[in-house]
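Reader: I should like to learn how to read the features of a protein model in an orderly way. May we take them one at a time?

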Amino acid sequence: MNFPLCRRMLERMTRTIYVSSLYEMPQWVQRHRPSHLVSVIQHALQPARPTEIAHERHLRLGVDDISEPIPDAVLPGQSDVAALIEFLDDWRPADGSLLVHCYAGISRSTACALIAHVIHTKDPEHSVAALAAAAPNARPNRRIIALADTLLGYGGALSSARAAMPEGLPAVEAPLTILKL
């Protein structure tokens with residue numbers, strides 16, 4: 001058995017952020033066996049934790065996909081994004097991949113994936129370019145990104161890079177996004 005080749009294959013698999021829709025999330029958990037899962041979707045649609053994911057490795061953010069207040073909707077807040085950043089700070093890519101899902105895999109989840117990527121690269125422009133290349137339909141939620149920009153101390157660089165990102169191809173639900181670190 002070629003151990004250096006196996007080690008390189010394992011490293012490529014573990015340095016990965018997957019983004020999916022709510023309905024496809026279970027199949028991707030079974031197929032890719034991520035070590036960590038983020039469910040960023042309104043409370044009423046939060047899925048059961050997959051048995052493959054340890055309780056402490058599943059973050060649930062119960063927010064709607066909005067950037068401005070709307071009656072009867074939950075606006076992503078600073079405490080939500082702070083909890084996300086804390087969770088992502090604890091994720092070590094060497095321990096396994098990360099899977100993030102929202103309802104369609106386009107806005108909230110791509111925002112969280114972008115934040116995970118930039119936490120590890122420390123380069124907002126590179127992370128935005130990587131996401132845009134991996135997911136042409138991505139439309140990262142601007143509020144989530146703006147809050148992360150402030151909390152991570154990027155002084156507007158992350159928000160500016162996101163603003164320069166193409167708006168994404170129209171989609172109702174996105175295919176699995178594979179974002180490499």
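**Reading the helices and the cysteines**

Author: On helix H5, the face turned away from the buried side carries the exposed residues Glu125 and Ala133. Please bear in mind throughout that this is a predicted model.

Reader: Which residues of helix H5 are buried?

Author: The general idea comes first. An α-helix has 3.6 residues a turn, so residues three or four places apart point the same way. In H5, which runs over residues 124-134, the buried residues are Pro124, Ser127, Val128, Ala130 and Leu131. Viewed down the axis of H5, these buried residues fall within an arc of 160°, so they line one face of the helix.

Reader: What covers the buried residues of H5?

Author: The cover includes H4, helix H7 (157-163) and strand E5 (177-180).

Reader: Let us turn to helix H3. Which of its residues are buried?

Author: In H3, Val81, Leu84, Ile85, Phe87 and Leu88 are buried. Their arc around the axis is only 165°, which puts them on the same side of H3. The face turned away from that buried side bears the exposed residues Ser79, Glu86 and Asp90.

Reader: What span should the 13 residues of H3 have, and how far apart are its end C-alpha atoms?

Author: At 1.5 Å a residue, H3 (residues 78-90) should span 18 Å. Its end C-alpha atoms lie 18 Å apart, which agrees with that expectation.

Reader: How many disulfides does the count give?

Author: A disulfide is a covalent bond between the sulfur atoms of two cysteines. Here the count comes to 0 disulfides. The sulfur of cysteine 102 has its closest cysteine sulfur in cysteine 112, at 8.2 Å, which is too far for a bond; the cut-off for a disulfide is within 2.5 Å. Cysteine 102 counts as buried at 2% relative accessibility, and cysteine 112 is buried with a relative accessible area of 1%.

Reader: What does the secondary structure of the chain come to?

Author: It comes to 7 helices and 5 strands. Along the sequence, the chain follows the pattern α-β-α-β-β-α-β-α-α-α-α-β.

Reader: What radius of gyration would a compact globule with 181 residues have, and what does the chain have?

Author: A compact globule with 181 residues would have a radius of gyration near 16 Å, and the chain has 15 Å, which agrees. Along its principal axes, the C-alpha trace spans about 60 × 35 × 30 Å. Buried residues make up 48% of the 181 residues. Among contacts between residues at least 6 apart in sequence, 70% join residues at least 24 apart. The chain exposes about 9,000 Å², of which carbon and sulfur atoms supply 55%.

Terms used: Residues numbered from 1 in each chain as written. Predicted model: local features only at pLDDT ≥ 70, side-chain atom pairs only at ≥ 80, totals over all residues. Heavy atoms only, no water. Helix = DSSP H or I, 4+ residues; strand = E, 2+ residues; numbered from the N terminus. Expected span 1.5 Å × (residues − 1). Buried < 20%, exposed > 50% of the residue type's maximum accessible area, 1.4 Å probe, protein only. Arc of directions from axis to C-beta. Rg over C-alpha atoms; globule rule 2.2 N^0.38 Å. Contact = heavy atoms within 4.5 Å. Areas by Shrake-Rupley, 256 points an atom, 1.4 Å probe, with all protein chains shown as cover.
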